Amino acid sequence: MAELQKIKNEVEELKKEYFCRSRQAEENRQRENQAATRIQSWVRACKVHAYLSHLHKKAIIIQKIWRGFTARARFRQMVKAAYFIMKMNFYEEMAVRIQRRWRGFFVRKYVHNFYARKSYLKGLSRKNELVRMELDELQELQKRERDCLERVKEQTAKVYQAHRLHHLLSTEQCPGVFNSPFRPAPHEMELLLRQVKYQAPTRLSRGVRACPAGMPAPTAPSFHGTLPPPWIETTGTYCSSRPILPPIAIKKQQVLFREPGEVWEQRVHCPDLTLRLRTSYTHLEEAQNQLRQRDSKGIPTGTLGTGSMLHHLSQSRNSSTQPANSKSFR
Amino acid sequence: MSKKQIVRVFDEYHKSRMQFVQTVADLATEPRNIQVLQNAGVMSMLRALLLDVNPSIQQTAALTLGRLADHSDDLATVVVEENILPSLVQSLALQNRFYKKAAAFVLRAVAKHSPELSQAVVACGGVDALVSCLDDFDPGVKEAAAWALGSIAQHNASLCQSVVDAGAVPLLVLCLLEPEMALKRITASTLSEICKHTPELAQTVVDNGAISHLAQMIFNPDAKLKRQVFSALCQVSKHSEGLAEIVIEANIFPAALACLQDPDKYVKKNVVTLMREIVKHSLALSEMIVACGAIGVVIDYLGHCQGSLRLPGIMLLGYVAAHSENLAMAVILSKGVHQLALCLAEEHESHIKAAIAWSIGQIGHHTPEHAKAVATCDLLTKLLELYVDASSSEDLQAKSKKALKTILQKCTYLLGLEPLLYDVPTTILKHVVGQISKVTQLVLPHDSQARRLFVTSGGLKRLQEIEAEPGSPLQEHIDTINNSYPEEIVRYYSPNYSQVLLEQLEHYEPA
């Protein structure tokens, strides 16, 4: 019985202990549960962490390899580019050298050619000298021409004077004004007077009278000695370059028409053939008289003589159209 | 009264009218009579006589009117106001050649005074009548008509346009070919008046083939004709390069150079003016003219003539030199600069001196060679004098200053620059010193001879004497120059060196 009691007590104690333990366990359950969760979570974390780090490591390896690969590729590219650039620089530098030389050559030869410029300037000064010389010669020539013309004018004036003063010619009895006995030789005016042949005054306008018929040829040779022959040509061309037109002739009505029969007769019948001239002795004087009369009647007096200005105009026109003057020295 | 007596009355009246009009015509040739005549009311009498029955009275009346109008422009205004012009113009078409000449003379005398009077002549149809006169056979009529057209056209472009619109130009060109010298002269002068206003008018004249005829007339010995011909060619070529080229193509050069020896001074002047107008357009034209050897001849011409006749020659040299430095060198080699210096010394007119200053500037501004050539003729000092002179006009001062500045910028010839350091206003001085400093930096390190010359000729000394504010560009230039010489030399030439030495003496204690 004691044992039963002991066992019952033990059961009681067991129950109490069981109760205590379970109460303790109950109390510790929470804590232990939490601890267990913690441990478990920690372990899970470790596992995951290990997995992740494993993944990381592998990823790193992959990235490392990949990056190395791309970097090397880029590097190779960079090397190629640098090489290319170096080559281009070199080429460019060489090209610059070539261009520099070429441009220097080209500019010196074609654009700013020193020797061309020098020869141009030398040629220019020579040309200047040449032109100056030629112009001087030309001026000489022109001056001579002008002098000649002056002298011709003077001589004409003198001859005209001589013609007006023809009466002062010296005679056998009485020496003239220009032929003083105290002079060693006669004055040139005297010589001119001797040469001039007097012509009776005709009723021409003033400008014409200065061309007497017996115009002395000796006056023309007086120029020949002083000047070279080419002058004659030049004045000749100078005079002839101005064409002198004939005067506007007033048409005279043709009077005295002959009968047609007479004209036909004249044509058909030959004149009498004799060896003797059929002219009279006084033929020459008669012809001269006729000529004189025709001349005096030829140019009408005062063509349009109305008003003084117009008179002057007609005067000037008449004098300008007289061809005889300039031809008297040929 | 018998018939004879009645007729005699009319004859006497006719004779007295004739006598009156002839006497008045003779009186009108004397200027002092004209005022008296005007006071006596001659204008209205002449207007009545213009419509007279007898043609010779009409002609003499017209001639008298012309002489009166020629004398002064109030009389010409009176002629216009009295409405004489319309009747004149109408009868121009009908009457004989003497009347036409006298009427054209009246129109010319009226038109020549002022543009308003010319406008009055144009307004009453004078231009058409004159152009129909140009068609006449008589050369005197043509001459009078051409002269009248010329005096209308000379005033301004619109009057000229009305002359050209009436178809005057082809007829004028035909008149050029006539043998009479006076007609040729007048036609050439009329063409010159027409061409001078605008390029279009000049082009019209050229289109009618005037240039070739004018070019042939260069060889004519008559001096007055040559004057007008060259003046006409000059007016044509002054407008544009195209027209100048047309003139050149007529082959007048080098033949025109022969005319530079003509004894008539206006012929020479007009030739040189023609060359100047051609040259100023372009480089190619100037090269062509220079290649004919014109420069030497022009420089001789400048030597022979005086006064305002020189002006076109001077401007020619300036234009030629302005185009390129080759041509400027050509001018220098032909002794152009020397001649310009002579002209500058001889001339007193302000505008001629201004032209000379401008030309010198054009010649000298290209390269140091040119500047040296200018400086050796002592022209820089002359330009300076012109600039400084108070009596020079503003234009002259401006031109000489500009010329001086442009030449200075290229001048490396120190001996030439040196006289400019004395008596110079500060504006120029800083340019001069600046240029000297530039030269000293760039040129002198290589040229010891020049350095020595600069020092011995007193330039360095003068530089030290210049007082400049410290820090101003002038002082900087002076410092730059001083730096390129050894210090002892600079100190030696400084102004108070002897004082400084003597002061040193005071502080000196013999050891």
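Biologist: In which helix of chain B is Arg108(B) found?

Modeller: Helices here are DSSP runs of H or I with at least four residues, numbered from the N terminus, and Arg108(B) belongs to helix H7 (residues 97-111) of chain B. This is a predicted model, in which local features need pLDDT of at least 70 and side-chain atom pairs count only at pLDDT 80 or more, while totals for chains, interfaces and linings use all residues. Residues are numbered from 1 along each chain as its sequence is written, chains are lettered from A in the order in which they are written, and side-chain values use heavy atoms, with hydrogens and water left out.

Biologist: Which side chain of opposite charge is nearest to Arg108(B)?

Modeller: A salt bridge is a side-chain nitrogen of Lys or Arg within 4 Å of a carboxyl oxygen of Asp or Glu, and buried means under 20% relative accessible area (1.4 Å probe, protein chains only). Arg108(B) is buried but has no salt bridge, and the nearest side chain of opposite charge, Asp70(B), is 5.1 Å away.

Biologist: Which residues does Arg108(B) touch?

Modeller: Contact means heavy atoms within 4.5 Å; leaving out residues up to four places away in sequence, Arg108(B) touches Trp147(B), Ala148(B) and Ser151(B).

Biologist: How many salt bridges does the rule find across the interface of chain B and chain A?

Modeller: Across this interface of chain B and chain A there are two salt bridges, and the side chains of Arg117(A) and Glu325(B) meet in a salt bridge at 3.2 Å, N to O. The contact takes 31 residues from chain B and 22 residues from chain A.

Notes:
Helices (H or I, at least four residues) and strands (E, at least two) are DSSP runs, numbered from the N terminus. Buried means under 20% relative accessible area, exposed over 50%, partly exposed in between (1.4 Å probe, protein chains only). Lys and Arg count as positive and Asp and Glu as negative; His and the chain ends are not counted.
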